[in-house]
Amino acid sequence: MSGGVKNVFVKDCCFENTYSIASIKAPRGRGGIIENIYYENNSLVKYKDELHDCEWFRGAVYIDQFYSCVEFRADLPKEVNAATPKIRNISIKNTSLETQSGNAVYIVGLPEMPIENITLENMTAVGKYGLKVKNVNGFKSKNICVKSCEDNDYEFKNTIFRWALYHKLRKKYNSP
């Protein structure tokens, strides 16, 4: 079981040819709490493509509760117990991302314990794939632009928004 991570601040960093600037991984069975993680004024440019989107690397920014799972059902809840991890209060602001080999942003929580309070603000992101958000309660974005080279720019499933444009985006992207 994991002990958790709290109160981390990553600021003013430039990443070049790394896979990710934000990797938060808490799969089932680890337990613990990851909370109050802040990224501000960061950038990533990844031109090399040795690492591809897979169970170990899902995007330039990724919060992944199915880390290391090749196949999984993000809609199939399991019993909540002491080994169920919790992720909450993650903020990513003033960030630019460009990656050739994965999702620009990938945020996928557990259906039985959704990720809570994710904020993306002042972000531009380009990826092989776009922004994917699943199983999140309290997703907020302001002034973000995501472009995908190979699929939809935005994909939301089982996501509760904290913003004024919720109904407009829900209709546009057919989110439940």
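The following is a conversation about the predicted model shown above.

Colleague: What should I know about the model before asking about details?

Modeller: The model is predicted, so local features need pLDDT of at least 70 and side-chain atom pairs count only at pLDDT 80 or more, while totals for chains, interfaces and linings use all residues. Residues are numbered from 1 along each chain as its sequence is written, and side-chain values use heavy atoms, with hydrogens and water left out.

Colleague: How many helices and strands are there in the protein chain, and what makes a stretch count as one?

Modeller: The protein chain has one helix and 10 strands. Both are DSSP runs numbered from the N terminus: a helix is H or I over at least four residues, a strand is E over at least two. Along the sequence the pattern is β-β-β-β-β-β-β-β-β-β-α.

Colleague: What makes β1 and β4 a pair?

Modeller: Two strands pair if DSSP finds at least two bridges between them. Six bridges join β1 to β4, and these strands run parallel, so they meet the definition. In this pair, K6 stands opposite E35 in β4.

Colleague: Why is N7 called exposed?

Modeller: Exposed means over 50% relative accessible area, buried under 20%, and partly exposed in between (1.4 Å probe, protein chains only). N7 has 58% relative accessibility, so it counts as exposed. N7 is in strand β1 (residues 5–11) and has a positive phi of about 55° although it is not a glycine.

Colleague: Why is N89 called partly exposed?

Modeller: N89 has a relative accessible area of 25%, so it is partly exposed. N89 is in strand β6 (residues 86–99), and its phi is near 60°, a positive value in a residue other than glycine.

Colleague: What makes a set of residues a nonpolar core?

Modeller: The members are buried Ala, Val, Leu, Ile, Met, Phe, Trp, Tyr and Cys residues joined through side-chain atoms within 4.5 Å. The largest such core has 33 residues, and L97, V105, I107, I118, L120 and F139 have the most contacts inside it. Elements that give two or more residues to this core include β3 (22–25), β5 (59–64) and β7 (103–108). β9 gives the most, with six residues. A second, separate core of eight residues includes A74, Y106, V108 and L110.

Colleague: What is L97 in contact with?

Modeller: Contact means heavy atoms within 4.5 Å. Leaving aside neighbours within four places in sequence, the partners of L97 include I21, L44, V61, V105 and M123.

Colleague: How do you know that E112 and R28 form a salt bridge?

Modeller: A salt bridge needs a side-chain nitrogen of Lys or Arg within 4 Å of a carboxyl oxygen of Asp or Glu. The closest N and O atoms of E112 and R28 are 2.8 Å apart, so the pair meets the definition. E112 is in the loop between β7 and β8 and R28 in the loop between β3 and β4, 84 residues apart. E112 counts as buried at 14% relative accessibility, whereas R28 counts as partly exposed at 28%. By this rule the count comes to 10 salt bridges.
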